[in-house]
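Try each task before reading its solution.

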Amino acid sequence: MPRSRLNQVLEALQQATSAGLDVQLKILQALPSLLSNYSADVKGELLVTALNICFILQSSKNAIVNNTSAATLQQLVVSVFDKVVNEDRSGSDSPHVGEAPTDSGSVPLKSAALDAYRIFNDICLLTESQRPEYLRFSGLTQTFGLELIESVLTNHAGIFSTHPEQAHILRTRVMPFIISALRGKPTFAATVRLVRILYTLLRRHMSILPAESGDAMDILTQLLDQDTALWKRSLCMEVFRGIFAEPGLFRRIFMLYDAKEGQKPILKNLTATFVRVSTEKPSVIGLGHQSTIPVANPYASIGASTDQAMLEVSGVAGIMSGSVGPEGHNTGISTQWSTMRVPCIDQLDKTEPPSVPESYLYSLTLACMTSLSEGLAKFILPLTVPGENRNRKRSTKPEADRPEGSAETSTGRGTLERSASFKKNPVPTNPLLLEDHPLHAEVKICAAFIEECWPAILATCSTFLYAALDSEYYHGLVRAFQKFTHVSGLLQLTTPRDAFLTTLGKAAVPPNVFTACLNAGTARATTQTNPPDTPNSIFSNARGLLSVDSLVGPSTPSTEKPRQLSTDLGPSTLNTRNLLCLRALVNLGIALGPTLSSSWRIVLETLQQADFVLFTSGKSAGRTPTATKAADQQADQEANQLLANFGTEIRAVETAASRLFESTIDFPNSAFVEVVTAVCELVEKHDDTASEEPSSRPQSPPSAAPSLKTPPVPHRRQLSISTTSAYSGPNQENQFALAKLGDLASINLERLLSYPPEVSGWTPLVSELITTLSSSLNTAPVRQRAAETLVRVVMEASSVAASYEPEPRGKIQTRLLNAFRDALLCMQTKDRQATITSHSTDVEIYKIILDGLRGILENCGESLVKGWDITFEIIDTIFVKQTSLPSGEDEANHHTLMARSARLIRPSFASLQLICSDFLPSLPNSCFLNLVDTLYKFSSQEDDLNVALTVSCPTRVEMVLS
């Protein structure tokens, strides 16, 4: 066909639009081919004619013609912009044929660009119900016009960035129309298309529409906060879900608005709106004092059944309608009823709003929180890995990102020894310090966003943490908590990090559960006539982290009695969801360990309290409650599944806790000392110089004394415990802290021996053990545990030091023996309170330390190069001089040598006997006088005559003197 006849052909096609159905469909079939084959010629008025044919047919009442013409028109409009792309790409020297306005004046346009400008501008005018400037048609429906606009924006987003005349249309027509329409009351069909266009503009054209985009997001936030139509609020939340799913997009939003002075704080206002949304209907989300399982509406199936219809026909509709009324509703957020198979924003075929679940809005809020945390973590975490380790760590998931969807099946190593597969854990790089990094500006945006919005994010997440969520939503929420905390910690934003850690800790061990277990501990303590014996597992089982049975004496019924208490007291156990939060907290401790500083207290205190609850309840599993008492088979099945996973989750927590303490082996000294200090602060502190106690209550502190806990650090849970009200509370808590001190020392022995004691953490660790074992206000099991821990640490250290060179070995051996001597001297101070009970415990502690001294001599005596004089001092501490002065005689002549207790003579003499039999050649000459003096003391005492006679035998004396 000659090109000169195109005009006549198009005119003929336009006149034939009034013909029958077959002709109309043939016309629509021919138009795309015509424009494709003659694209260079169909422009200007010819293009307008071709489009008018489609517009005419699109108004047909025949559905087939209407839909076909709409699709054809959309195809033709897109092809017009395709020609602009080709024109720009070819860079031809074709002449400019017209002008178009922009913000900075008119710009000349070539043929394809001018056609695209005119057509897109007229489509916008027609959508606004205004008269077009070039097209000869005025009957375009608003919904179809919006679809044409979206099609162009979606298929040719780049044109609006490179052509200022098109951006001008967006700025002066599209965005003002969308904002004004949303402020009104558009229909559901129109609102869906308006929101879709707005979402596309926010994603792709925010940079060229900064002011308009800010106004539009502000409108969406207001609709979410104030509108009463659930479907409209859901549309807004679906847009926000999409924004948060693109990390780069919400960073760009914060940079353009919140981070600039004088601009609207878009994201700050939005996150504040999330807080209000999450708390507006507590009954819908099942908000309570702990996490629960969602329960379906018990009347929903009845209302939808044929039985209901039959009852209504039978004349008893009134009876059932009272039950199916507003009283019945789903409680909580579940994948069964809180989602939509097709989101509102994708329901383009609906003219009326669909039925939106009441909890759908809250599931979208949760999705926003999850996507936000995921986006931050994916951007920040890779920047914190040192360059030389980045490739190796790429295949290893960070600890804080370990999936929380199910309990780990591996039980890990049974002891706190460093496993071969354990990854190095150096101090992570703070991305804010990478000033030369090309993404440094983006990192600063992330940090500023967290500092600005964390209170609202924490409030929103905390609300859902105590709502009724099914397992999928709950796991997602815990992951969001974990990742947001992890990013805050990596950026050294201590305030949000500690706030999230504290909230996670409270979810791991709820205060009401902990208080109930304290009361249970009081009840059990009153039934004990004797304190439990010294734990016999100090050397074999002391490395178990949450294996609380190892902290109980062999005479304590650690299985039957706690279980009986848990059934009597009701909610006094931890459930699987508590353990899930606990494991998340511990994994954060592993990931952020070297940077936690004083915030170690949050992690360790939560572990301590969880250990106490498990101890009190005998590790019995707590059942996750349902949101309501209504019968729901699915909810019961989920609760049973969580109950069945309790044992697996316990083992997973123990594994994570073991790795937490193992990870300290790679800490710098300063970070390790902070860990030691935090563990030391977990031990109850007492003042032995307080007023004396009545003899009838030797173990009780003064009734007017304040709480025996140390002053709480920031973010610490305020739970004071006194030994007057809960004997086993501080007892078990101190047992946990002392066990952890021993574990830390065992794992970091090389560090403790290789650096000065003040730098390595030796001084605070040993000082805490000595203070605890010497305090007469501590319970006997706690004091003995401290002594056993000290002995274990010193013995392990002496074994390691035996392989060192003589000079460093001597310094270490002196330090180790000084620890024993200082521990015994602390129990000999004059201002120290002494009672019958505390004296008995003192004797036991003496015995433990003396047995430890003998163990060192047996295992390492041949390698002892220094400290023999201290050894004799330790042996001599069992003797005291008493003065029996007759009247008128000199005091110096009347001293009687006595043992502190007859039970200490043999343990002390065992070490002396070992020295005399095996190590006399190793003694330095200066110590022989010490030896003779000590032998004289044993031969002079009268508490154990068998020992005195043994010392006095001639062969022994000759051996020594030779």
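**Exercise 1.** Is the crossing of H18 and H20 left-handed or right-handed? Work it out in this predicted model, then describe the packing of the pair.

*Solution.* 
- Step 1: Find the two helices. H18 covers residues 360–380 and H20 covers residues 440–465.
- Step 2: Look at the axes. They come within 11 Å and cross at roughly 150°.
- Step 3: Compare that angle with the cut-off. Angles over 145 degrees count as roughly antiparallel, so H18 and H20, at roughly 150°, fall in that class.
- Step 4: H18 and H20 cross in a left-handed way.
- Step 5: List the contact. From H18 come Tyr-362, Thr-365, Leu-366, Met-369, Leu-372, Leu-376, Phe-379 and Ile-380. They meet H20 residues including Cys-446, Phe-449, Ile-450 and Phe-464.
- Step 6: Sort by class. The contact of H18 with H20 has 14 nonpolar residues, two polar and one charged.

**Exercise 2.** At what angle do H6 and H9 pack, and how far apart are their axes?

*Solution.* 
- Step 1: Locate H6 at residues 142–155 and H9 at residues 188–204.
- Step 2: Read off the geometry. The angle is about 20°, and the axes lie 9 Å apart.
- Step 3: Name the arrangement. Because angles under 35 degrees count as roughly parallel, H6 is roughly parallel to H9.
- Step 4: Pick out the partners. Among them are Leu-146, Ile-149, Glu-150 and Leu-153 in H6, and Arg-193, Leu-194, Ile-197 and Leu-201 in H9.
- Step 5: Sort by class. The contact of H6 with H9 has eight nonpolar, four polar and five charged residues.

**Exercise 3.** Is Glu-768 buried or exposed?

*Solution.* 
- Step 1: Check accessibility. Glu-768 has a relative accessibility of 9%; buried means under 20%, so Glu-768 counts as buried.
- Step 2: Find its contacts. Leaving aside residues up to four places away in sequence, Glu-768 touches Cys-680, Val-683, Lys-685 and Leu-741.

**Exercise 4.** How many helices and strands does the protein have, and what percentage of its residues are buried?

*Solution.* 
- Step 1: Count the elements: there are 41 helices and four strands.
- Step 2: Turn to burial. Of the 962 residues, 55% are buried.
- Step 3: Consider the contacts between residues at least 6 apart in sequence. Of these, 77% join residues at least 24 apart.
- Step 4: Finish with the surface. The accessible area is about 40400 Å², with 52% belonging to carbon and sulfur atoms.

Key:
Residues numbered from 1 in each chain as written. Predicted model: local features only at pLDDT ≥ 70, side-chain atom pairs only at ≥ 80, totals over all residues. Heavy atoms only, no water. Axes fitted to C-alpha atoms, helices over the stretch in contact; angles between N-to-C directions. Parallel < 35°, antiparallel > 145°, perpendicular 65-115°, else oblique. Contact = heavy atoms within 4.5 Å. Nonpolar A, V, L, I, M, F, W, Y, C, P; charged D, E, K, R; others polar. Buried < 20%, exposed > 50% of the residue type's maximum accessible area, 1.4 Å probe, protein only. Areas by Shrake-Rupley, 256 points an atom, 1.4 Å probe, with all protein chains shown as cover. Left-handed = near helix turned anticlockwise from the far one by under 90°.
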